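Visitor: Please take me through this structure step by step, and let each answer work its way towards the value or name that I ask for.

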Amino acid sequence: MKDQPIVTENSGPNKNLYRLSIFAAAIFFLLLLRLWYLQILEMENYQNLSESNRLRLVPVAASRGTIFDRNGKVMVSNRPSFSVAVIPQEVQNKEVLLARLSQLLGVDRLELLQKWEKGKGRARYYPIILASGITRDQLEILEENRMNLPGIDIQMHPVRDYPNGIIASHLLGYLGELSEQEMASELFSAYNPGDYVGKSGIERNWEKELHGVNGGRQLEVDAMGRVLKTVSEVSPTIGNSMVLTIDLDMQKKAEEAFGEQAGAAVAMDLNSGEVLVFVSKPDFDPALFAEGLSSKQWNEYLADTRHPLENKALKGQYPPGSTFKIITAMAGLEEGLVDENTSVNCNGSYVMGNRTFKCWNRKGHGTVNLRKALRESCDVYFYKLGERLGVDKIAWYARKFALGAPMGIGLENEKGGLIPTAAWKEKRFGKKWLRGETIPISIGQGYLLMTPIQLASMIAAVANEGTIYRPRLVRRIINPEGQVIREFHPEVLARLAGIKPGNYRLIKEGLFAVVNERGGTGGMARLYEVKVAGKTGTSQVVKLRDKGGAIPYQYRDHALFVAFAPYEKPEVAVAVVVEHGEHGGSAAAPIAGRILRQYFEGKGIIKKPTPVTGNAPEENSSETPVSDAVPEEAEQTVNED
Amino acid sequence: MIDRRLFTHFDWGLLGLVILIAGLGVVNIASATASYRLVGTPYYIKQLYWILGGVLLIVTVCSIDYHVLEDFSYWLYGILMVLLLVVLVAGRSSMGATRWLNLGFFSFQPSELMKIVIIAVYAHYFTKSPNLNGLGFKDLLYPFLLLAGPLLLIMKQPDLGTASLVFLIALSMLMFVGVRFATFVSVVLAAIPLLFAGWHFHLREYQKERILNFLNPERDPLGTGYHIIQSKIAVGSGGVFGKGFMGGTQSQLHFLPEQHTDFAFSVFSEEWGFTGCLVMLLLYLCLVLWGLSVAKKCNDRFGKLLAVGVAAMLFWHIVINIGMVIGIFPVVGVPLPLFSYGGTSMITTMVGVAILLNIQMRRFMF
């Protein structure tokens with residue numbers, strides 16, 4: 001009995017179909033019964049509800065959480081924004097009202113009329129917004145004349161406030177109205193149309209924490225839709241606050257130091273990966289987005305050839321230039337190809353086959369050992385070393401530094417840079433790697449690409465002798481009651497295993513010489529109270545045979561500088577890229593110096609400068625070598641013969 | 001190609017029924033969206049375009065013998081699985097639970113098409129391996145694997161509504177093929193602990209919320225609960241004869257959520273009352289039974305299975321949507337076939353109807 005099929009096809013012709021039909025009809029009958037219950041038995045009850053007790057739901061937007069810097073200084077908060085709305089059904093004389101409003105607000109009557117007409121066709125007694133973002137003064141005037149403005153409603157909602165003006169725009173990100181696509185997604189199911197959400201940066205990536213929970217008011221309205229009273233109200237819950245790793249004072253100084261130049265700068269605590277400074281220039285004004293950006297402004301941002309909306313610290317990929325000599329040197333030392341005494345003769349160029357690779361110093365550096373090669377950024381030393389290493393060895397060491405892949409900082413669209421290998425070229429272009437192509441790689445040119453955040457991480461790993469931390473932007477998240485609900489800790493991304501401590505020392509000594517010794521290229525980053533070590537870099541934008549005369553802005557080389565300090569017991573790492581800044585030593589190093597100075601001023605190690613004795617590195621300009629101002633070039637030319 | 005006999009055997013009655021229901025839908029959408037702010041083409045006009053597109057689709061599908069589905073069902077299944085994976089990967093980058101695949105000129109939901117494809121694959125499988133003594137555990141294994149893949153991917157999106165529909169369609173077809181009583185009972189018993197585990201580990205917080213709110217709408221009077229309460233008021237206040245066309249206060253004053261899509265039937269109930277609902281339910285019952293009768297008349301096993309699958313697809317959509325509107329099922333976002341506004345649902349339904357017509361017109365060829 002038990003194993004008899006309950007429904008099978010051979011239990012009579014189409015008997016199973018018959019059963020399915022009965023099942024379908026039975027379920028439909030159940031639906032009908034329910035409709036009978038609702039529409040006939042409970043009709044009176046529901047008709048009463050629909051006639052007299054109409055509930056309308058009005059959403060109340062939650063305030064977003066505040067964003068603080070590492071020291072608890074406010075970076076982004078909220079302020080109330082007022083808008084003027086009209087309920088058309090309550091207006092007796094439209095023309096008079098429009099004329100009065102236009103006069104009080106100082107807004108064109110036609111503009112108000114347009115908004116009014118656009119809002120028509122909605123449910124009755126629904127307020128139409130005529131003007132938003134009105135000032136306190138306008139608000140006062142309106143309040144005084146409230147009696148003469150029947151049908152006008154003043155509404156308040158919170159908008160983002162930026163007390164420090166335009167600062168760290170790319171890091172913080174901007175807001176925008178919930179798009180239709182986002183609205184359709186389940187992740188935004190608790191959102192209301194018209195809600196503002198993070199579209200980039202911290203605001204976007206921590207949207208869930210920052211947004212809070214919208215509240216709502218249940219209003220009782222009459223049969224005409226007129227509001228009678230508030231039945232119940234669920235107040236919105238403010239979003240969680242975030243404490244970033246950023247140091248607002250350092251950030252300010254860094255941005256000041258950039259001035260009008262384009263580029264990016266990153267500073268991080270090299271013993272934890274906490275990012276202290278995160279600059280991308282040029283930037284945009286997030287306050288313009290807070291209440292809806294005009295399409296004109298948006299198009300201006302998009303049309304700007306210096307890309308103000310692009311986060312260059314994460315998405316800018318630059319050839320690292322001579323800063324990459326750190327990796328080449330490390331590879332050479334570890335492979336035993338050079339030691340501190342190995343010396344090379346630089347006569348200004350290096351010939352390989354029929355090609356000549358020039359040193360930036362055409363006169364040559366003479367006899368060069370590792371320390372001098374780093375200090376004066378001698379290209380020929382590294383050409384020779386690079387050739388002996390080969391591209392794959394160099395790449396192997398670069399990969400150990402976690403280069404060539406995104407670092408997982410936790411913001412959108414982070415780029416990974418590019419560490420070329422022979423296999424990579426074969427796959428990408430279908431061509432064999434040429435020995436001559438290794439030469440530019442050894443000085444950070446060619447296919448090599450790194451992001452500013454990777455530059456900072458590279459120098460940090462040298463300084464702390466082998467640990468690559470994942471760069472972090474958030475320290476902790478705090479709920480509206482002030483309790484810490486999430487705390488973030490250092491995360492080790494990779495470790496440089498097996499590197500001899502002596503080799504770190506040799507490289508660090510070279511980097512110290514770059515900043516502090518006669519002939520060093522990075523003198524402009526020097527601080528007198530604290531010892532700084534670093535490396536300049538210049539990355540070629542285009543190859544120009546003749547660099548004489550004025551070069552158009554977009555063809556000028558990028559200037560780079562990476563540094564750490566203090567030399568003896570490193571704490572902080574910095575990377576600066578100045579787009580088309582030409583020389584790392586003159587354009588990028590001073591910015592790095594300014595950032596480091598602020599770090600130590602903040603710790604009380606350096607006293608705040610009095611105006612007269614300020615700008616210490618400049619006083620020393622007579623002593624700093626000429627090479628600061630001389631182009632540090634990496635040029636290769638094909639021999640005519 | 002197109003035999004004269006095909007034309008004479010064309011089932012005009014079924015097409016008429018479909019157009020009648022869709023037409024009532026257009027009228028209802030006109031009312032539901034009457035108070036909307038007008039931007040561009042009105043919704044009811046757009047819906048007319050979709051219906052027209054659907055009819056053209058029927059003509060196209062009918063000109064091809066449905067047996068090609070038998071040859072290509074596994075291919076279609078494979079392609080859709082790939083598309084579902086693509087949706088998951090692409091969805092991650094846009095931060096949301098994306099179900100849509102953008103093809104540039106238009107976007108569609110692969111999960112929607114999976115409803116049709118699972119029908120074809122099951123029909124194909126059970127044609128090839130008929131099991132006349134009812135299915136045992138071993139026989140269920142392969143169909144189960146066929147179903148599990150798409151189900152997991154759709155649930156991952158996450159789209160609980162579509163996942164449960166695909167499941168119910170497959171289940172209906174299994175019941176048609178026949179499952180042994182002992183097997184059936186043990187599977188049901190085994191499913192209960194699995195459901196508990198699923199509740200704990202797989203459901204998202206908002207999905208749990210929805211189910212809890214459904215069980216007790218008072219939990220969330222401002223959210224989902226509000227929708228159910230308002231929908232019940234709309235339906236109940238319709239009474240015997242309704243408030244008349246465009247006379248529903250619940251809909252005209254915007255108390256209803258998504259009133260031209262998922263809650264279209266709520267608008268209809270308010271304006272046409274119990275009488276209207278009775279007519280609508282009869283029309284829909286006709287549609288489902290018509291589908292089953294196609295299966296009955298068809299002498300080809302593959303066609304029979306296809307027809308049962310399509311009838312099941314229509315049936316479950318109707319039952320879940322109306323059940324949701326009248327507060328006996330949770331709000332899962334399933335549209336009412338032919339009646340709710342929306343292109344995707346219209347196209348899927350029309351493909352289903354086209355398959356029925358196709359089987360019907362070729363029933364004497366075997």
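Visitor: How many bridges join strand 21 of chain A to strand 22 of chain A?

Guide: This is a predicted model, in which local features need pLDDT of at least 70 and side-chain atom pairs count only at pLDDT 80 or more, while totals for chains, interfaces and linings use all residues. Residues are numbered from 1 along each chain as its sequence is written, and chains are lettered from A and ligands numbered from 1 in the order in which they are written. Helices (H or I, at least four residues) and strands (E, at least two) are DSSP runs numbered from the N terminus, and two strands pair if DSSP finds at least two bridges between them. Strand 21 of chain A and strand 22 (residues 558–565) of chain A run antiparallel, and the number of bridges joining them is seven.

Visitor: Which residue of strand 22 of chain A is the bridge partner of Thr536(A)?

Guide: Strands of a sheet pair through backbone hydrogen bonds, either parallel or antiparallel. In this antiparallel pair, Gly537(A) has Leu560(A) of strand 22 of chain A as its bridge partner. For Thr536(A), the partner in strand 22 of chain A is Phe561(A).

Visitor: In the open sheet of five strands in chain A, what is the order of the strands?

Guide: The edge strands, each of which pairs on one side only, are strand 12 (275–281) and strand 21 (533–539) of chain A. The twist from one strand to the next averages 5°, where axes are lines fitted to C-alpha atoms, for helices over the stretch in contact, and angles run from 0 to 180 degrees between N-to-C directions. With antiparallel pairing, the order in chain A is 12-11-23-22-21.

Visitor: What angle does the direction of helix 20 of chain A make with that of strand 23 of chain A?

Guide: Helix 20 (residues 452–463) of chain A packs on the sheet and touches strand 11 (263–269), strand 22 and strand 23 (572–578) of chain A; two residues are in contact if their C-beta atoms, placed from the backbone, lie within 7 Å. Helix 22 (residues 584–602) of chain A lies across strand 11, strand 12, strand 21, strand 22 and strand 23 of chain A, and runs at about 35° to strand 22 of chain A. For helix 20 of chain A and strand 23 of chain A, the angle is about 145°.

Visitor: How many of the seven residues of strand 21 of chain A are buried?

Guide: A residue is buried if 20 or more other C-beta atoms lie within 10 Å of its own, exposed if 12 or fewer, and partly exposed in between, with C-beta atoms placed from the backbone. In a regular strand the side chains alternate between the two faces of the sheet. On one side of strand 21 of chain A, Ala533(A), Lys535(A), Gly537(A) and Ser539(A) are buried, as are Gly534(A), Thr536(A) and Thr538(A) on the other. The strand is mostly covered, and the number of its residues that are buried is seven.

Visitor: Which residue in the hairpin of strand 18 and strand 19 of chain A takes a positive phi?

Guide: Three bridges join strand 18 (residues 474–478) of chain A to strand 19 (residues 484–487) of chain A, and the two run antiparallel. Arg476(A) has Glu487(A) as its bridge partner in strand 19 of chain A. Five residues lie between the strands of this hairpin, and the residue with a positive phi, near 95°, is Gly482(A).

Visitor: What is the handedness of the crossing in which helix 5 of chain B passes helix 13 of chain B?

Guide: The axes of helix 5 (residues 110–128) of chain B and helix 13 (residues 301–325) of chain B come within 9 Å and cross at roughly 150°. That makes the two helices of chain B roughly antiparallel, since angles under 35 degrees count as roughly parallel, over 145 as roughly antiparallel, 65 to 115 as roughly perpendicular and the rest as oblique. A crossing is left-handed if the near helix is turned anticlockwise from the far one by less than a right angle, and right-handed if clockwise. The crossing of helix 5 of chain B with helix 13 of chain B is right-handed.

Visitor: Is Met114(B) buried or exposed?

Guide: Met114(B) lies in helix 5 of chain B. Leaving aside neighbours within four places in sequence, Met114(B) is in contact with Leu80(B), Pro150(B), Ile154(B) and Val166(B). Because 28 other C-beta atoms lie within 10 Å, Met114(B) is buried.
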